[in-house]
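Good morning, and thank you for coming. Please look at the structure on the screen while I describe it chain by chain.

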Amino acid sequence: MLGLERRDLTILIAVAVITLFAPIILNPFPTGSALAQFNAGYPDLMQRFVIFGIFAIGFNILFGLTGYLSFGHAAFLGIGSYSAVWMFKLLSMNVIPAILLSIVMAGLFALVIGFVSLRRSGIYFSILTLAFAQMSYNLAYSVLTPVTNGETGLQITLSDPRILDGESSGLPVTSLFGAEMRDTTTLFVGPWSWDFSVGYYFCAALMLVAFYISVRIFRSPFGMMLRAVKSNQQRMNYTGLNSRPYTLAAFVISGMYAGLAGGLLAAMDPLAGADRMQWTASGEVVLMTILGGAGTLIGPVLGAGFIKYFENIFSKINDGILHQWFAFMPDGLENFVVAVIHPFIGKGWHLTLGIMFMLVVIFLPGGLVEGASRVGRVFRRRDRKADHVESDAARQRAAAE
Amino acid sequence: MTRQTFSRRGVLKSGAATGAGLALPTIFTASSAAAFTNAPTGSSVTLGFNVPQTGAYADEGADELRAFELAVEHLNGGGDGGMLQTFSSQALDGTGILGKKVEFVTGDTQTKSDAARASAQSMIQKDGAIMISGGSSSGVAVAVQGLCQEAGVIFMAGLTHSNDTTGKDRKANGFRHFFNAYMSAAALAPVLQNLYGTDRRAYHLTADYTWGWTQEESIAAATEAMGWQTAEKVRTPLGAGDFSSYIAPVLNSGADVLVLNHYGGDMVNSLTQAVQFGLRERQANGKDFQIVVPLYSELMARGAGQAIKGIPGSQNWDWKLEDAGTKAFVKSFGEKYGFPPSQAAHTCYVQTLLYADAVTRAGDFNPCAVVEALEGYEFDGLGNGPTLYRAEDHQCFKDVVVVKGAENPQDEFHLVEIVEVTPTEQVTYAHDHPMFAGGSLGECNPGA
Amino acid sequence: MDAILIQILNGLDKGSAYALIALGLTLIFGTLGVVNFAHGALFMIGAFCAVTLQKLLTLSVTTIDPERTDFLGNPLKVQTPYVENWFGPEVGGTIVDWAVPLAILLAIPVMLLVGFVMERGLIKHFYKRPHADQILVTFGLAIVLQEIVKYFYGANPIPTPAPDAFRGSLDIGVWLGFDPYAIIYPYWRLVYFFFAGVIIAAVFAFLQFTTFGMVVRAGMADRETVGLLGIDIDRRFTLMFGLAAVVAGLAGVMYTPILSPNYHMGMDFLVLSFVVVVVGGMGSLPGAVLAGFLLGILQSFASMNEVKSLLPGIDQIIIYLVAIVILLTRPRGLMGRRGVMEE
């Protein structure tokens, strides 16, 4: 079905089901309970999960398949955001033209940057992409302020022309033919509450499309060719094949994925800041991909969710909340436990994240996907044949060097 | 089964209660539950404090957080009450806000507009915050202010000094207590004239982004008005680290004053390096060479150490002021934490009190009622003398403190000393002043 | 003319810092084949050695001065450093004043130890892993290290002044026949420049003229053969890692008077130092030094008003622009070898 093998179809359906029920799955704790702090099922974070999932899926097409490690992909994310906000400012608050423009613009930039950068390989390629991205960031922050609004970030204002839309009182909101992106329906079941947001489902649908395309690319002859680039480019050249067009195509595709993610970020929240293009943002997508499992289909999405969860949930836990959790303990013990945990939460969330990176890389070279398959193996000892579609790639990669 | 609304959380608690009783999906309609975003329904109200906890401004953020905790303690009737006693409006009585206990959630802005918005968004969507406050840069303030306007909650800005926050980017739901670049310039100019005369040539080194530009513009305009000339305006990249290649040409340029439009780490480095180059021991045009840092902060003064001796600048507030409000605040802050508060802490503390007071006077948490209560509001006893929250741009007008680096500080808390307190009239400007033009507040937005 | 000379001088100084960091990075890469993203963190730890020593030297006895009051109106607690009590204010004050140069003595053993522990405890297990894994694990380590420093020292920059003897600046222009003040250069920057020169020379001499250095150079060229000859290359590589950490640490110690140290200074230098290493050519020590100075000087030139008015914003991007041009015209950087890091 859909031109997919059975195994891939299973994965796709699993992803679809999970994204469909994410508002429920991500809110496992009743509202108001002490553990509600760990709930991630609010619209803004769920949107970020899928948007950065798209970003990482795209990055994986380049890095996971060809092995070219780009350190400048955030530039395309930023370009996508700026294009989308300009579309909101000039044309219409409808998200379709904005997203189309952001994909096209990111694709164009990727074509130029990729054409130049792909003349080199290995770390020289990484530094070239890094240089381009840092240049975009520095210029967007300062000299290009008329276009990017610099430090403050590009926002929509009342005085924007928006030629397709009529006059509106108050700041207009982004919408899909009338369905407002921020529109949310809340369902109460017992003590639980689940938010179903239009914006989230819009992003989720696009992520499924993006995921489907990525599966098709992975399984296509084109994907095969890209893998060949990774395993031995020299041999490929000797056989008379020019690998450059293939890698450039992969670079442009992954740039367009980044542009789509950037456009969606702006569509959910019409603001584009230069920070999105900084090298740390490029590093973040590298981390997401490797953490989840580079070269696997589902890994990058997992990695993106993992990092965004840390950023948004762990950074918000403060001492007051800790004291609430451990209030059942005797005072002395309570204070001791809080003091021990204190460096790792709130302002220390970077520390926890750093430790997690190290642990995952040291013990799970294939990323979270390998971790999951190891757990799976423990439970399914007998069923050797059916398992590890995903972990194959992870293991191959671990053994690659 | 479902409810259509643009905001969620406020109704959740009541919804949850009913839902629990029936253990079945419950029908709720938005209009019957709430007229505005995150309307508090239980016995408590949640405020969101969004401060930098990682990155270069983490210490400043930590100090803001201390002030917020203190403010919440005082609002709930704990501690010694701090400025509640000296505040001219005696509406607050230590029983929370409108009888509801004040609770708060915290988040990390990372000093990035993106991360700050994500953090504020989660406070609004997940934790049901009805007011967002804090922050340590203008970029973040403008971004979060925009978000609060769209979401329909009140934004009480923390430390933000750019003219734009209440100028071209002003919003109806946003309020700024902190002063701005124009006020710094207006307060500094007369002091500079007294110190260095009217015949000077100034060389500007400016952080190359919006805040730096507005400050450069303001200072240049104010000093030129009193007869100074501007020799050169040079933009430096943010976080340049080594400023030597920008400082070295200064002496040879014919300028005799160096104005450093930098903040944070940039200010510490550029000032330290300028002093290292020996600029202050040199002479130019027959006068002693001078350095000016228009925006001061105690934390950065600490970072610059010896280099700040005798360098003039301006502050929103200083703990060494003599009025009753300042004394009460310094006492309760100092006793709780063991050191005096910074100006960032002060502005955050005051903003929280002002919000609580506005809600109490309005008798309503509705953002539009709060906006109405704050607009044109005159108050006193919060550390800066009589203050006006101007209705046209939601900017506070109050005295500005001009300071300079102390020659012989007795401890690390006395690194700066007060030179002069510039009265309000001198720093007031028209709300449509060209440096602030191009923005409009728009309508207040209650969300829902 | 004088303006150009000034910028060359400033560039040399910036270049020294770049060169020192890049040198250590290249040592680690060249010998161990590891891409070390925690190298900036080593630079930062070096800088905090200076901060720590300064704190240790100013450990104080507290006496109460009933005459004066603190900010709460209580009697003022006066802090007098122990060293001043022991050696008298004169000598004690001088010792505190010389904290930064003295910190070199502290930094050498500390950095060696940090280097050994890092190599034996972590890096060793990553020799055979892909570069991407090395990058990720050292990046994680860098975050952990800087967060630990932040936990103890806060996020604010900490002033670490140079000794009084090096305050002020030298009027080089007068010697060369320019007007007074045309070319001034702070004494401490001169010290830094010469210090960097000495360290770079020492590293090269060590590799060139000692048996140890010879073995290491042989190992860099062909690790397997050296191992087959029965030489314990691993132990020597551990020492090399320690040495690289010391070079980065010392660069950090001596840089503190120029740049007040804060916990994220390592990350700020990381990207730059990688650009420097790659422009120089991966694995080439002279290349790293050359590229460090080259980029430092070019950056200084780009900050000149005359250049900036011609090309606005050029000082923001010059480093990257140069990197792109060099990598496109010289595929392996200035002095890189074929086949290194190109897989």
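Which feature does UniProt place at residues 45–404 of chain B? The UniProt record, in an unreviewed entry, gives "domain: Leucine-binding protein" for that span. UniProt positions are stated here in the numbering used for this model, feature names are shortened, and annotations may be inferred rather than shown by experiment.

Before I continue, a word on the source. This is a predicted model, in which local features need pLDDT of at least 70 and side-chain atom pairs count only at pLDDT 80 or more, while totals for chains, interfaces and linings use all residues. Residues are numbered from 1 along each chain as its sequence is written, and chains are lettered from A and ligands numbered from 1 in the order in which they are written.

Let us stay with chain B. Chain B as a whole has 14 helices and 18 strands; helices are DSSP runs of H or I with at least four residues, strands are runs of E with at least two, and both are numbered from the N terminus. Its radius of gyration is 23 Å, close to the 22 Å that the globule rule gives for 448 residues, so chain B is as compact as a globular protein of that length. That radius is taken over C-alpha atoms, and the globule rule is 2.2 Å times the number of residues to the power 0.38. Along the principal axes, the C-alpha atoms of chain B fill a box of roughly 85 × 40 × 35 Å.

Of the 448 residues of chain B, 67% count as buried. A residue is buried if 20 or more other C-beta atoms lie within 10 Å of its own, exposed if 12 or fewer do, and partly exposed in between, with C-beta atoms placed from the backbone. Among contacts in chain B with a separation of 6 or more, 72% join residues 24 or more positions apart. Two residues are in contact if their C-beta atoms, placed from the backbone, lie within 7 Å.

Chain B also touches two other chains. How many residues of chain B are in contact with chain A? There are 50, and they meet 45 residues of chain A. Among the elements of chain B that give two or more residues to this side are β1 (2–5), α1 (9–22) and α4 (113–125). The most comes from α4(B), with seven residues. By type, this side of chain B has 16 nonpolar, 21 polar and 13 charged residues. Here Ala, Val, Leu, Ile, Met, Phe, Trp, Tyr, Cys and Pro count as nonpolar, Asp, Glu, Lys and Arg as charged, and the others, Gly among them, as polar.

The contact between chain B and chain C takes 40 residues from chain B and 35 from chain C. On the side of chain B that touches chain C, α9(B) gives the most, with six residues. That side divides into 16 nonpolar, 16 polar and eight charged residues.

I turn now to chain A. Chain A has 16 helices and six strands. Its radius of gyration of 22 Å is close to the 21 Å that the globule rule gives for 401 residues, so chain A is as compact as a globular protein of that length. Buried residues make up 55% of its 401 residues.

One helix pair in chain A deserves a look. Helix α7 (residues 198–219) and helix α9 (residues 244–268) of chain A pack at about 175°, with axes 11 Å apart. This makes α7(A) roughly antiparallel to α9(A), a label used for angles over 145 degrees. The axes are lines fitted to C-alpha atoms over the stretch in contact, and angles run from 0 to 180 degrees between N-to-C directions. From α7(A) come Gly199(A), Cys203(A), Leu206(A) and Ala210(A), which meet Tyr257(A), Leu260(A), Leu264(A) and Met268(A) of α9(A). These residues divide into seven nonpolar, one polar and no charged.

Finally, chain C. It comprises 14 helices and four strands, and 54% of its 343 residues count as buried. In the loop between α4 (99–121) and α5 (131–153) of chain C we find Leu122(C). Beyond its neighbours within four places in sequence, Leu122(C) is in contact with Val137(C) and Leu141(C).

Definitions and conventions
Angles under 35 degrees count as roughly parallel, over 145 as roughly antiparallel, 65 to 115 as roughly perpendicular and the rest as oblique.
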